[in-house]
Amino acid sequence: MRDAVGSFVGWPSDLIFLDAETPTRPTHKVGKGISRRIESVASQKEVPGRKLKSAAKDIPTTSGTKSQIMMRLEKMVDESDIMHGAIRSIDFDEGVFGAAHFEIIAKEDMQQLFEHDELGIAVIHTYIWYMYVTLMRGTELCNRFNFIVASRINATLITKNPTSVKNDLVDRFMGAGDNTTPSLYFLPFNSGNGGHWVLVAMDLSRLIVYYLDSLSGDWSKYPSMKKTVDAAIIKFRSKKNYRNRKDITWVRVQCPQQNNSVDCGFFVLRFMRDIIALNRIDIPKMYFEEYKSYSRAHLDEIKDELCQFIVDQRII
């Protein structure tokens, strides 16, 4: 939560973490900008989900220049009070994370999109909201894919209070049905040191955890994360009186790899997008044939979708 001098943003007391690090977000003074709270346009009515592009051949081959929708949004931001330190507080649909959630959007978040910079939590969460609204809401996909709030489950918070993080995970599992049929829980996990993003996708019915990292290595880089996830799954199954038929299996997916130091957040968003668009609960160890690698155009598509969504939702 930013230092919004001269403004007031309501914040639930159970979400306040003293000295907690916000992954990938630089220190930011919003000065005396006015916080404007905006009600989600999408929350006013239910609309059926629509299919996203699901094959690489549908992706534009040009990249490196800004699209019309991005330039339109950039102009809107330039002409808004956000450029002078104001922020936006946006309500998400409750179905996104299984409970009420709002996100703070400010100048630096928009610049991450416009400049193709490292992504922070606000952009990660807002794109998750986009996927829920455009692909999942009103369809059976809501029973197959679930999202976990990244700001409450990250390396920094696990180090400070692993029990609290574990209980947050259990609460999320408990609030999303019986989990006896295959489904995935997506956790965009941030390392907390340098802000690297990986995707952890949990299938509670089959006791499988998929690990997708756009850099080399596996979950052994984050032993406390693995320990917390395993403990949360075991506690959830105990509370539900489910028998643990076998040990939890972790699978390192051979997913597309980034070739720079800033793309990890975009890759995590693209991983989730591909899995949902293909409607696949079982993630192949060698990843999907449709997406063996990501070009810059694949990542630009993420940005354009989010820019269009921000315009449609009248966030700015």
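Q: How do α3 and α9 lie to each other?
A: α3 and α9 are oblique to each other. Their axes cross at roughly 140 degrees and come within 10 Å. Axes are lines fitted to C-alpha atoms, for helices over the stretch in contact, and angles run from 0 to 180 degrees between N-to-C directions. Under 35 degrees counts as roughly parallel, over 145 as roughly antiparallel, 65 to 115 as roughly perpendicular, and the rest as oblique.

Q: Which residues of α3 and α9 make the contact?
A: α3 puts in Met110, Leu113 and Phe114, and α9 puts in Lys303, Leu306, Cys307 and Ile310. Contact means heavy atoms within 4.5 Å. By class, that contact has six nonpolar, no polar and one charged residues. Nonpolar covers Ala, Val, Leu, Ile, Met, Phe, Trp, Tyr, Cys and Pro; charged covers Asp, Glu, Lys and Arg; the others, Gly among them, are polar.

Q: What sort of model is this?
A: A predicted one, where local features need pLDDT of at least 70, side-chain atom pairs count only at pLDDT 80 or more, and totals for chains, interfaces and linings use all residues. Residues are numbered from 1 along each chain as its sequence is written, and side-chain values use heavy atoms, with hydrogens and water left out.

Q: New topic. How many cavities of 30 Å³ or more does a search of the whole structure find?
A: One. The volume of the largest cavity is about 40 Å³. A cavity is a set of points on a 1 Å grid over the protein atoms alone where a 1.4 Å probe fits but cannot get out; lining residues have an atom within 4 Å of a point. Volume is the space filled by probe spheres set on the points, which are joined across faces, edges and corners.

Q: Which residues line the largest cavity?
A: Ile105, Asp109, Met110, Leu113, Val123, Thr126, Leu306 and Ile310. Two or more of the lining residues come from each of α3 (107-114), α4 (121-136) and α9 (296-312). Helices are DSSP runs (H or I, at least four residues), numbered from the N terminus.

Q: Which helix gives the most to that lining?
A: α3, with three residues. By class the lining is six nonpolar, one polar and one charged.

Q: And at what angle do α4 and α9 pack?
A: About 75 degrees, with their axes 10 Å apart. That makes α4 roughly perpendicular to α9. From α4 the contact takes Val123, Thr126, Tyr127, Trp129, Tyr130 and Val133; from α9, Ile302, Glu305, Leu306 and Phe309.

Q: How do α4 and α8 pack?
A: At about 15 degrees, with axes 11 Å apart; α8 is residues 264-278. They are therefore roughly parallel to each other.

How values were computed:
1 Å grid on protein atoms, 1.4 Å probe; cavity = no way out; pocket = protein on both sides within 12 Å on 5 of 7 lines; lining within 4 Å.
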